[in-house]
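User: Hello! I am new to this structure and would like to learn how to read it. Could you walk me through it step by step?

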Amino acid sequence: MSLSKTEARSSLASGLLPRERAAGLLLILIGAVAFWSSLDLPAIRGGSVGAGLMPRLLGIIITSLGVAQLVLSIRSPGSAIAASRARDIVMLLGAVILFAITIRGYPLGAITIPPLGIVVAGPLAVITAGLAARDVRIAELVIFGIVMSAACLGLFRYVLGLPLPVAPWLIGY
């Protein structure tokens with residue numbers, strides 16, 4: 001669907017950023033973070049594939065796709081993201097980041113977030129992501145968060161045997 005120049009201008013004025021451009025920028029950000037995060041890992045070790053090769057390649061591929069998306073969005077901007085949709089995106093990304101920094105803990109300069117484990121990080125992430133919905137019921141979110149966390153704990157810790165922190169602040173693991 002192609003927009004005329006006046007429709008594109010009016011959609012840009014009513015929203016924050018064209019969707020395609022925002023998607024390209026997000027892909028560039030994700031690819032750059034993936035590449036930067038893999039720099040500590042060896043890409044090639046003794047003639048064989050190291051642990052850092054795949055994340056670096058994926059970072060390069062995702063960044064390249066983001067650049068292509070950004071270039072295509074400049075040619076044809078499309079419709080804009082409304083401010084209400086941007087709130088939903090921020091809530092969902094915030095839930096992922098909140099889960100990542102609370103499950104094993106994270107140092108943020110002078111402040112250190114303690115490791116809270118899946119018992120706290122799981123429901124916290126589900127509740128934060130659920131707040132993006134318009135027709136949210138907090139009691140249902142809490143119950144769903146607890147059930148999902150229990151299911152994840154059972155699957156990852158006990159069925160697959162992965163070292164998932166349960167509640168280090170309470171039981172030590």
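Predicted model: local features only at pLDDT ≥ 70, side-chain atom pairs only at ≥ 80, totals over all residues.

User: Let us begin with the overall layout. How many helices and strands are there in the protein?

Analyst: The protein has six helices and four strands. Read from the N terminus, their order is α-α-β-β-α-α-β-β-α-α. As for burial, 25% of the 173 residues in the protein are buried.

User: Now the packing of helices. At what angle do α2 and α3 pack, and how far apart are their axes?

Analyst: The general idea is that two packed helices are described by the angle between their axes and the distance between the axes. Here, α2 and α3 pack at about 160°, and their axes lie 7 Å apart. Angles over 145 degrees count as roughly antiparallel, so α2 and α3 are roughly antiparallel to each other.

User: Is the crossing of α2 and α3 left-handed or right-handed?

Analyst: α2 and α3 cross in a left-handed way.

User: What about α5 and α6: at what angle do they pack?

Analyst: For α5 and α6 the angle is about 135°, with 8 Å between the axes. That makes α5 oblique to α6. The crossing of α5 and α6 is right-handed.

User: Next, charges. How many salt bridges does a search of the whole structure find?

Analyst: The idea first: side chains of opposite charge can pair when their charged atoms come close. In this structure, the search finds two salt bridges. One of them joins the side chains of D88 and R134, at 3.3 Å from N to O. This pair links distant parts of the chain, 46 residues apart: D88 belongs to helix α4 (residues 83-103), while R134 lies in the loop between α5 (117-130) and α6 (138-159).

User: Are D88 and R134 buried or exposed?

Analyst: D88 counts as buried because its relative accessibility is 10%. R134, on the other hand, is exposed, with a relative accessible area of 52%.

User: And which residue forms a salt bridge with E140?

Analyst: The partner of E140 is R137, and the closest N and O atoms of this pair are 3.0 Å apart. E140 is partly exposed, at 45% relative accessible area. R137 counts as exposed, at 54% relative accessibility.

User: Last, the surface. Which residues make the nonpolar surface patch?

Analyst: A patch groups nonpolar side chains that are within 5 Å and have over 30% relative accessible area. The one here covers about 960 Å² and is made by L27, F35, W36, L39, M54, L57, L58, I60, I61 and L65.

User: Which helices each supply at least two residues of that nonpolar patch?

Analyst: They are α2 (19-37) and α3 (53-75). The largest share, six residues, comes from α3. These two helices are the pair whose packing angle is about 160°.

User: Could we look at one member? In which helix is F35, and why does F35 count as partly exposed?

Analyst: F35 has its place in helix α2. F35 counts as partly exposed because its relative accessibility is 31%.

Definitions and conventions:
Residues numbered from 1 in each chain as written. Heavy atoms only, no water. Patch = residues over 30% accessible without salt bridge, like charges linked within 9 Å, V, L, I, M, F, W, Y side chains within 5 Å. Areas by Shrake-Rupley, 256 points an atom, 1.4 Å probe, with all protein chains shown as cover. Salt bridge = Lys/Arg side-chain N within 4 Å of Asp/Glu carboxyl O. Buried < 20%, exposed > 50% of the residue type's maximum accessible area, 1.4 Å probe, protein only. Axes fitted to C-alpha atoms, helices over the stretch in contact; angles between N-to-C directions. Parallel < 35°, antiparallel > 145°, perpendicular 65-115°, else oblique. Left-handed = near helix turned anticlockwise from the far one by under 90°.
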